[in-house]
Amino acid sequence: MPDVIEALNRFLQAEPGIPVAQRPVLVVARAPDGPVHRRVRALGGCFETQAEIYTALASVIDDPAGWAGLVICCDDYGGLDEGLRAHRLLGDAASGMPVILVSAQCGGPRFPDRAGLPILLDLADDGEDRLAASHA
């Protein structure tokens, strides 16, 4: 299985008509140099970070087409339940956007069986992050 870098790279290019530079991935995490930031930074693509989860959600709701994807480090905000709650708050704004929720509570990667649901990813094992490319 390819890792999150490959999966993120795929959804960064999900809409060929919009240059990657104009469609950053929004990474929501309190630690500016945590494992998710390091993985996204390794892409060399455009991403922005936000430490305040509700500010990040407002940004996506206000301009969903302006983002290539959303990655939320759920454990920074109370765990997987809080990440799932944040995803629900996005409503229709997240319907066409890949969303990855990262939490040690996932117990391994879980992939949605229908559109509009987030990919769940566990980075608890020394930053090991695996995603199936077909779900990104």
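Arg 23 is buried, its relative accessible area being 4%, where buried stands for under 20% relative accessible area, exposed for over 50% and partly exposed for what falls in between, with a 1.4 Å probe and protein chains only. This arginine sits in the loop that runs between α1 (4–12) and β1 (25–28); helices (H or I, at least four residues) and strands (E, at least two) are DSSP runs, numbered from the N terminus. The side chain of Arg 23 reaches two backbone oxygens, that of Ala 65 at 3.1 Å and that of Trp 67 at 3.5 Å. Such a polar contact is a pair of N or O atoms within 3.5 Å, and within protein one atom must be able to donate a hydrogen and the other to accept it, while residues adjacent in sequence count only if both atoms are side-chain atoms.

The model is a predicted one, in which local features need pLDDT of at least 70 and side-chain atom pairs count only at pLDDT 80 or more, whereas totals for chains, interfaces and linings use all residues. Residues are numbered from 1 along each chain as its sequence is written, and side-chain values use heavy atoms, with hydrogens and water left out.

As a whole, the protein has 4 helices and 5 strands, which follow one another along the sequence in the pattern α-β-α-β-α-β-α-β-β. Of its 136 residues, 43% are buried. Among the contacts with a separation of 6 or more, 60% come from residues 24 or more positions apart, a contact being heavy atoms within 4.5 Å.

Helix α3 (residues 53–62) packs with helix α4 (residues 80–90) at an angle of about 30 degrees, and their axes are 10 Å apart; the axes are lines fitted to C-alpha atoms, for helices over the stretch in contact, and angles run from 0 to 180 degrees between N-to-C directions. That angle makes α3 roughly parallel to α4, since angles under 35 degrees count as roughly parallel, over 145 as roughly antiparallel, 65 to 115 as roughly perpendicular and the rest as oblique. On the α3 side, Ile 53, Tyr 54, Leu 57, Val 60 and Ile 61 take part, and they meet Glu 82, Arg 85, Ala 86, Leu 89 and Leu 90 of α4. Beyond this helix, in the loop between α4 and β4, lies Gly 91, which is partly exposed at 41% relative accessibility. Gly 91 and Ile 61 are 30 residues apart in sequence, and their C-alpha atoms are 8.3 Å apart in space.

Two further residues can be set beside these. Ser 103, in the loop between β4 (99–102) and β5 (119–121), counts as buried because its relative accessibility is 1%, and its side chain is joined to that of Asp 75 by a polar contact of 2.6 Å. Arg 41, by comparison, belongs to helix α2 (residues 35–43) and is partly exposed, with a relative accessible area of 40%. When residues up to four places away in sequence are not counted, Arg 41 touches Pro 32, Asp 33 and Phe 47.
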